[in-house]
Amino acid sequence: MFDIKDFKGKPFQWNGNGNPGYDCVSLVVAVLERLHGYVIDYPERGSHNISLPRLPEIMKNHLERYLLPVSTDLYEVGDVFLYQIYKEPCHMGIYVGQQKILTALENKGVTTFSIYDETWLKRLTKVFRWQ
């Protein structure tokens, strides 16, 4: 069962696994695992069901293999939002309902922001949904 309280407020930690914190990719992976009940692996964790790279700019290609693009504003809990900060997509968050994105930021740790937040909305490149 997914409860945002299990994640929100944790510190930012590169390659984190939740103990004590997360980065944006490990947070999205942890939430997807909790929502769907399976293990998603990336290189640092070995190989189980699905292998995803650690960096959002590389993960975009893998997301397109496993997830369907969402082109509507009718988002569902678990939709993955990919953001472009530099030339390539390099940040991600996950929709948790009530028009909120859960993400991990270096300066704030695990936090939420509105899907309509202008800072992030202008950087949104794609939204994906698990098939």
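**Reading a helix and its surroundings**

Analyst: Start with aspartate 23, which is buried, at a relative accessible area of 2%. Keep in mind that this is a predicted model.

User: How do I judge that? What counts as buried?

Analyst: Buried means under 20% relative accessible area. Aspartate 23 has 2%, so it falls in that class.

User: Where does aspartate 23 lie?

Analyst: In the segment before α1. Its side chain caps the N-terminal end of that helix. One side-chain oxygen lies 3.3 Å from the backbone nitrogen of valine 25. The aspartate 23 side chain also reaches the backbone nitrogen of serine 26, at 2.8 Å.

User: Now the helix. How many residues does α1 have, and how far does it reach?

Analyst: α1 covers residues 24-36, which makes 13 residues. From first C-alpha to last, it reaches 18 Å. That is close to the 18 Å expected at 1.5 Å a residue.

User: Which way do the residues of a helix point?

Analyst: An α-helix has 3.6 residues a turn, so residues three or four places apart point the same way.

User: Is α1 mostly covered or mostly open?

Analyst: Mostly covered, with 10 of its 13 residues buried. Among them are Cys24, Val25, Ser26 and Leu27. Glu33 is on the buried list too.

User: What follows α1?

Analyst: Glycine 37 does, and its phi is positive, near 75°.

User: Which residues here have a positive phi without being glycine?

Analyst: Two cases to look at. Glutamine 98 has a phi of about 50°. Glutamine 99 has a phi of about 60°. Glutamine 98 is in the loop between β5 (89-97) and β6 (100-105). Glutamine 99 is placed in the loop between β5 and β6 as well.

User: Is glutamine 98 buried or exposed?

Analyst: Glutamine 98 is exposed, at 75% relative accessibility. The cut-off for exposed is over 50%. Glutamine 99 has 41%, so it counts as partly exposed.

User: And the peptide bonds? Which residues does a cis bond join?

Analyst: Asparagine 19 and proline 20. Omega there is about 10°. Proline 20 sits in the segment before α1. Aspartate 23, the capping residue, is in the segment before α1 too.

Methods:
Residues numbered from 1 in each chain as written. Predicted model: local features only at pLDDT ≥ 70, side-chain atom pairs only at ≥ 80, totals over all residues. Heavy atoms only, no water. Helix = DSSP H or I, 4+ residues; strand = E, 2+ residues; numbered from the N terminus. Expected span 1.5 Å × (residues − 1). Buried < 20%, exposed > 50% of the residue type's maximum accessible area, 1.4 Å probe, protein only. Polar contact = N/O pair within 3.5 Å; in protein donor to acceptor, adjacent residues only side chain to side chain.
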